[in-house]
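Work through the exercises below with the sequence and the 3D structure open. Each task is followed by its solution in steps.

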Amino acid sequence: MSRTDATTTNAENRTTMPTWTTRSETAEDVAAIRDIVLAAFPTAEEAGIVDALRADRKAWIDGLSMVSTAPDGTPAGYALLTRCHVDGEPALTLGPCAVLPSFQRTGAGSAAIRAGLDAARAMGENLVLVLGHADYYPRFGFVPASRFGIRAPFEVPDEAMMAMALDDTRPVPAGTIQYPAAFGV
């Protein structure tokens with residue numbers, strides 16, 4: 001279990017942000033994670049993807065499904081890293097990431113993502129890929145995947161397909177991403 005650095009103040013609205021505790025998913029978290037994902041997305045598709053990834057022994061990596069909890073212990077944020085490949089070489093894909101609507105814009109999602117990236121780094125993983133908002137994920141160190149010669153297996157704006165090397169001294173494979181079957185691509 002880890003804790004984000006400290007309680008912070010959001011300069012825009014002068015509210016105090018909670019300090020988030022982060023940890024790997026436990027069996028007791030499965031229902032709460034499903035609730036978080038269902039509340040954060042307009043359809044149940046992403047919750048189904050999480051369930052399918054959890055059941056996929058080739059994709060699921062114990063310790064890379066991260067929950068952020070509020071000071072009262074309420075699970076509020078979620079980030080998942082699972083195995084994918086780039087032209088046959090192992091990599092990770094980040095997502096789904098979700099936050100309960102009542103905790104959005106408080107750092108709950110960022111805390112879960114940072115915890116997941118730290119756990120992946122500690123496990124010796126190197127390449128992480130994410131398809132997401134170009135104005136959100138760069139704060140963690142993601143850059144367009146095209147800078148590494150990596151592309152999605154479908155059409156996507158260059159700025160939305162991002163990658164990050166967790167260890168700059170290690171090589172990063174170039175090529176096309178092969179996602180786990182749960183993603184349906």
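**Before starting**

Asp51 has a relative accessibility of 31%, which makes this residue partly exposed (buried means under 20% relative accessible area, exposed over 50%, partly exposed in between, with a 1.4 Å probe and protein chains only). The model is predicted, so local features need pLDDT of at least 70 and side-chain atom pairs count only at pLDDT 80 or more, while totals for chains, interfaces and linings use all residues. Residues are numbered from 1 along each chain as its sequence is written, and side-chain values use heavy atoms, with hydrogens and water left out.

**Exercise 1.** Find the salt-bridge partner of Asp51 and state where both residues lie.

Step 1. The side chain of Asp51 forms a salt bridge with that of Arg34, at 2.6 Å from N to O (a side-chain nitrogen of Lys or Arg within 4 Å of a carboxyl oxygen of Asp or Glu).

Step 2. Asp51 is in helix α2 and Arg34 in helix α1, so the bridge ties together parts 17 residues apart in sequence. Helices (H or I, at least four residues) and strands (E, at least two) are DSSP runs, numbered from the N terminus.

Step 3. Arg34, at 32% relative accessibility, is also partly exposed.

**Exercise 2.** Is Glu25 buried or exposed, and which residue does Glu25 pair with?

Step 1. A salt bridge joins the side chains of Glu25 and Arg54, with 2.9 Å from N to O.

Step 2. Glu25 sits in the loop between β4 (21-24) and α1 (30-40), and Arg54 in helix α2 (residues 45-55), 29 residues apart.

Step 3. With a relative accessible area of 18%, Glu25 is buried.

**Exercise 3.** Locate the salt bridge between Arg121 and Asp118.

Step 1. The closest N and O atoms of Arg121 and Asp118 are 3.2 Å apart.

Step 2. Both residues belong to helix α3 (residues 108-122), three residues apart, about one turn of the helix.

Step 3. Arg121 is partly exposed at 39%, and Asp118 is partly exposed at 46%.

**Exercise 4.** Which residues of the largest nonpolar core touch the most other members?

Step 1. Among its 21 residues, they are Trp20, Val37, Tyr78 and Phe103 (a core is a set of buried Ala, Val, Leu, Ile, Met, Phe, Trp, Tyr and Cys residues joined through side-chain atoms within 4.5 Å).

Step 2. Helix α2 gives the largest share of this core, four residues.
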